[in-house]
Amino acid sequence: MIAAQLLAYYFTELKDDQLKKIDKYLYSMRFSDETLKDIMNRFRRDMEYGLGHDTNVTATVKMLPTFVRSIPDGSEKGDFIALDLGGSNFRILRVKVTQDKKQPVQMESQVYETPDDIIHGSGTQLFDHVAECLGDFMEKQKIKDKKLPVGFTFSFPCSQTKLDEAVLVTWTKKFKASGVEGMDVVKLLNKAIKKRGDYEADIMAVVNDTVGTMMTCGFDDQRCEVGIIIGTGTNACYMEELRHIDLVEGDEGRMCINTEWGAFGDDGSLEDIRTEFDREIDRGSINPGKQLFEKMASGMYMGELVRLILVKMAKEGLLFEGRITPELLTKGKIETKHVSAIEKTKEGLKKCMEILTRLGVEPSDEDCLAVQHVCTIVSFRSANLIASTLGGILSRLKENKGVARLRTTVGIDGSLYKMHPQYARRLHKTVRRLVPDSDVRFLLSESGSAKGAAMVTAVAYRLTEQARQIQQTMAEFRLSKAQLLEVKKRMKVEIERGLKKESHKEATVKMLPTFVRRTPDGTENGDFLALDLGGTNFRVLLVKIRSGKRRSVEMHNKIYAIPIEVMQGTGEELFDHIVHCISDFLDYMGMKSARLPLGFTFSFPCHQTSLDAGILVTWTKGFKATDCEGEDVVELLREAIKRKEEFELDVVAIVNDTVGTMMTCAYEEPTCEVGLIAGTGSNACYMEEVKNIEIVEGNEGRMCVNMEWGAFGDNGCLDDIRTKYDQSVDENSLNEGKQRYEKMCSGMYLGEIVRQILIDLTKRGFLFRGQISETLKTRGIFETKFLSQIESDRLALLQVRAILQQLGLDSTCDDSIIVKEVCGTVSRRAAQICGAGMAAVVDKIRENRRLDHLDVTVGVDGTLYKLHPHFSRIFQQTVKELAPKCEVTFLLSEDGSGKGAALITAVGCRQRELEAQQH
């Protein structure tokens with residue numbers, strides 16, 4: 001017993017001793033984590049070079065764009081053919097993709113021999129051979145009469161400018177067919193098929209085997225965004241943000257990049273870690289100085305590396321008692337499969353003995369242990385190197401996404417990874433150490449690259465079909481110039497109907513007179529109070545206007561809340577509350593004793609009979625106070641002031657916010673004769689000739705008309721451009737059938753239109769994987785501010801995804817692109833039809849004045865106009881195109897409802913004085 005323990009102890013000692021010697025001997029093949037992180041950073045730098053416009057030419061890591069823009073989302077279906085040409089065998093598959101949960105993918109395949117004389121012959125011969133095999137396959141499948149979409153896995157370096165084109169850069173792997181380098185292989189194959197003339201094929205995609213691997217795994221796991229091959233050769237691809245790919249137009253979305261990482265180090269950047277054995281392998285290869293990283297890490301060279309190390313160790317008497325045989329000196333005698341066999345835990349040493357005995361070196365047990373350890377060091381180095389470059393890709397993905405922790409899947413294929421007993425475990429462990437803040441799932445690719453080509457084709461097919469249908473949907477929102485001119489013409493008709501006495505009652509665009517007869521001229525002077533009631537907040541302002549050389553407007557204001565019970569109580573309670581707030585403000589300003597003139601901005605539809613009388617037509621915006629509709633609101637205010645008996649005020653004018661906007665801008669710019677609000681709601685006003693306003697007496701001068709144009713179209717005159725989405729927004733609104741124009745172009749409704757479209761596209765399976773979340777079902781969730789954010793040019797798609805995530809919508813990159821397009825289309829139409837309405841207004845003014853050319857300024861206010869990134873530009877452009885005889889300037893209003901009300905009051909006071917002098 002003791003003897004056995006001693007023997008075991010002696011053997012372990014011997015083993016440890018022997019292994020330490022080898023560790024020392026192959027010291028330069030063993031890397032610390034420090035070194036691996038350094039390699040990872042070097043690779044990241046090389047990736048940047050490959051992506052950069054100016055650095056790509058000289059970059060060793062080529063980072064080729066593949067034009068594959070999406071991973072499968074599980075909704076693919078169809079019948080596809082895949083060709084796989086990359087080695088001595090040529091494979092053709094028929095891949096049926098269905099929505100059947102049990103067996104979503106069915107494949108039938110056939111392998112065809114590619115003889116050497118064809119591999120080394122002419123390109124014509126090669127592609128004739130491929131076309132012949134494809135014809136044979138289709139014959140057997142009985143599908144010669146069908147034109148099926150084809151995916152082509154072509155595993156050689158190619159440069160692509162689209163998915164269905166690939167120019168061969170250079171042949172590799174023994175292939176040498178003449179006249180193909182520098183040519184588009186799709187064209188060559190199509191030519192060969194056409195020449196036969198007995199079937200048709202639609203080649204939709206050419207992919208590299210790495211991309212095929214990523215796509216195959218992507219069908220099973222939608223988080224998969226990296227593909228790696230670790231076999232005879234090695235390479236990787238991953239999904240990069242398009243904005244970082246200088247060689248491809250566009251910033252939206254992602255694209256798969258084929259890194260061609262085998263060439264990493266070809267510029268000498270890995271010299272410090274390459275060993276004498278690596279240099280010897282390179283010298284003896286068919287492509288010296290090329291693919292240096294691949295030669296250190298891939299299966300093709302691993303057995304040879306081990307052989308060179310064993311030769312050197314034997315020469316130095318460290319192995320086989322110095323015996324060197326002709327077999328040991330023969331290139332290729334140790335293969336990678338031997339390395340895998342030797343490293344097996346149980347029978348490894350036995351295998352080692354067999355392999356070495358065949359080489360005639362008469363190995364001892366210690367020799368076998370030593371050789372096993374050499375194999376371990378060489379294959380471990382490979383796993384470590386691949387972990388470093390993969391770490392580079394993962395850390396880049398993490399940075400691109402801006403997340404604290406990366407969750408992703410890596411699809412892997414290749415004989416070395418699959419067959420070697422320890423390789424996968426070592427690779428995974430090192431990756432987790434190098435990129436600690438990530439959860440990486442490694443997924444083994446089943447049925448490899450060819451299925452991937454079918455998947456790329458299936459995705460391309462789905463996206464083409466999807467894009468066509470989405471464009472069809474969005475086409476309803478894209479209005480031609482002729483359609484916009486028609487909107488302008490109809491607005492003109494409705495304006496006339498609102499102004500004429502006999503049609504005024506039925507008219508939808510009400511054209512309400514405001515009794516504001518002139519704009520400010522700069523002589524306004526004095527202190528004025530302004531009230532602003534239009535929503536849940538109520539403002540009281542003191543506005544000090546000074547005329548003369550040092551013209552100025554100074555404002556003080558206070559905001560008061562209106563409780564819901566007051567909004568929906570009695571009219572008396574509402575006006576008492578307003579007067580209570582005024583009283584508080586006058587105390588605050590110390591001005592209770594002065595009898596100030598007051599302007600009242602009251603943003604509800606009113607029928608005015610004079611500047612200081614306005615009858616409330618109907619409450620809107622959640623107000624429901626009783627005994628107000630049909631009453632003069634100025635009288636209601638005056639009565640409430642009397643009841644309070646604390647102060648006196650002179651109510652001079654009741655004002656609509658649109659008119660306030662026009663007046664504020666007119667104070668700065670005398671040519672301003674139009675006001676526009678493009679915010680939550682939409683409305684306009686302008687200076688009309690009094691003689692045209694038939695419901696007001698007199699023919700002299702001008703008067704500002706409050707158009708109330710939001711109701712344009714309520715008589716059905718816009719039905720031909722309203723979509724089913726507009727109808728659905730209208731049906732779900734509080735005032736169905738009313739304010740139809742406003743519902744197509746104002747901030748309050750744009751988000752709702754977008755939501756309706758998104759629901760429809762999701763139902764049709766084009767968005768969010770066909771899943772309608774609870775959030776998306778919620779009315780009003782898609783606020784207009786989100787549209788502004790999503791459409792901002794500075795926003796990357798990541799941020800769009802973040803906004804959608806806040807809304808509980810888990811979106812892919814493709815989803816984000818579609819959502820952005822929907823938002824852009826809806827807000828563009830809004831700006832255009834709003835512009836068409838404005839073109840009608842400025843043309844009306846020009847015709848009123850019988851001018852060939854009109855210079856006019858429009859005062860504008862409203863959040864949509866001010867905050868949306870493109871609304872104002874498209875709106876202005878539309879006005880210019882549709883009213884070419886008018887030179888329109890747009891001026892942003894600052895506080896129209898406060899300052900404007902005070903200016904109207906000031907102009908009103910001046911008007912009263914003039915009238916008093918005339919009498």
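How many cavities of 30 Å³ or more does the count come to? The count comes to three.

Before going further, a word on the model: it is predicted, so local features need pLDDT of at least 70, side-chain atom pairs count only at pLDDT 80 or more, and totals for chains, interfaces and linings use all residues. Residues are numbered from 1 along each chain as its sequence is written, and side-chain values use heavy atoms, with hydrogens and water left out.

**The cavities**

Rolling a probe the size of a water molecule over the atoms shows where empty space is left. Here a cavity is a set of points, on a 1 Å grid over the protein atoms alone, where a 1.4 Å probe fits but cannot get out, and a lining residue has an atom within 4 Å of a point. Points are joined across faces, edges and corners, and the volume is the space filled by probe spheres set on them.

The largest cavity has a volume of about 120 Å³. It is lined by 14 residues, and the closest to its centre are Cys-158, Gln-160, Val-207, Asn-208 and Asn-258. Strand S1 (64-65) and strand S8 (202-207) are the elements that give two or more residues to this lining. (Helices, H or I of at least four residues, and strands, E of at least two, are DSSP runs numbered from the N terminus.) By class, the lining has 10 nonpolar, four polar and no charged residues; Ala, Val, Leu, Ile, Met, Phe, Trp, Tyr, Cys and Pro count as nonpolar, Asp, Glu, Lys and Arg as charged, and the others, Gly among them, as polar.

Next comes the second largest cavity, with a volume of about 80 Å³. Its lining includes Leu-512, Phe-602, Cys-606, Val-655 and Asn-706. Strands S14 (512-513), S19 (606-610) and S21 (649-655) each give two or more residues to it.

Two packed helices are described by the angle between their axes and the distance between the axes. Axes are lines fitted to C-alpha atoms, for helices over the stretch in contact, and angles run from 0 to 180 degrees between N-to-C directions.

| Helix packed with H12 | Angle | Axis distance |
|---|---|---|
| H2 (residues 33-51) | about 55° | 8 Å |
| H11 (residues 348-358) | roughly 105° | within 9 Å |
| H9 (residues 299-315) | roughly 135° | within 10 Å |

Angles under 35 degrees count as roughly parallel, over 145 as roughly antiparallel, 65 to 115 as roughly perpendicular and the rest as oblique. H2 and H12 are therefore oblique to each other, and H2 passes H12 in a right-handed crossing (right-handed if the near helix is turned clockwise from the far one by less than a right angle, left-handed if anticlockwise). Their contact (heavy atoms within 4.5 Å) includes Phe-43 and Met-47 of H2 and Leu-385 and Ile-393 of H12. It divides into eight nonpolar, six polar and four charged residues.

H11 and H12, by that rule, are roughly perpendicular. Leu-349 and Met-353 of H11 are among the contact residues, as are Cys-368 and Leu-369 of H12. By class, this contact has seven nonpolar, two polar and one charged residues.

As for H9, its angle makes H9 oblique to H12, and their crossing is right-handed. Among the residues in contact are Leu-305 and Ile-309 of H9 and Val-374 and Val-378 of H12. The H9 contact with H12 divides into 10 nonpolar, two polar and one charged residues.

Terms used:
On a 1 Å grid over the protein atoms alone, a cavity is a set of points where a 1.4 Å probe fits but cannot get out, and a pocket is an open set with protein on both sides within 12 Å along at least five of seven lines; lining residues have an atom within 4 Å of a point.
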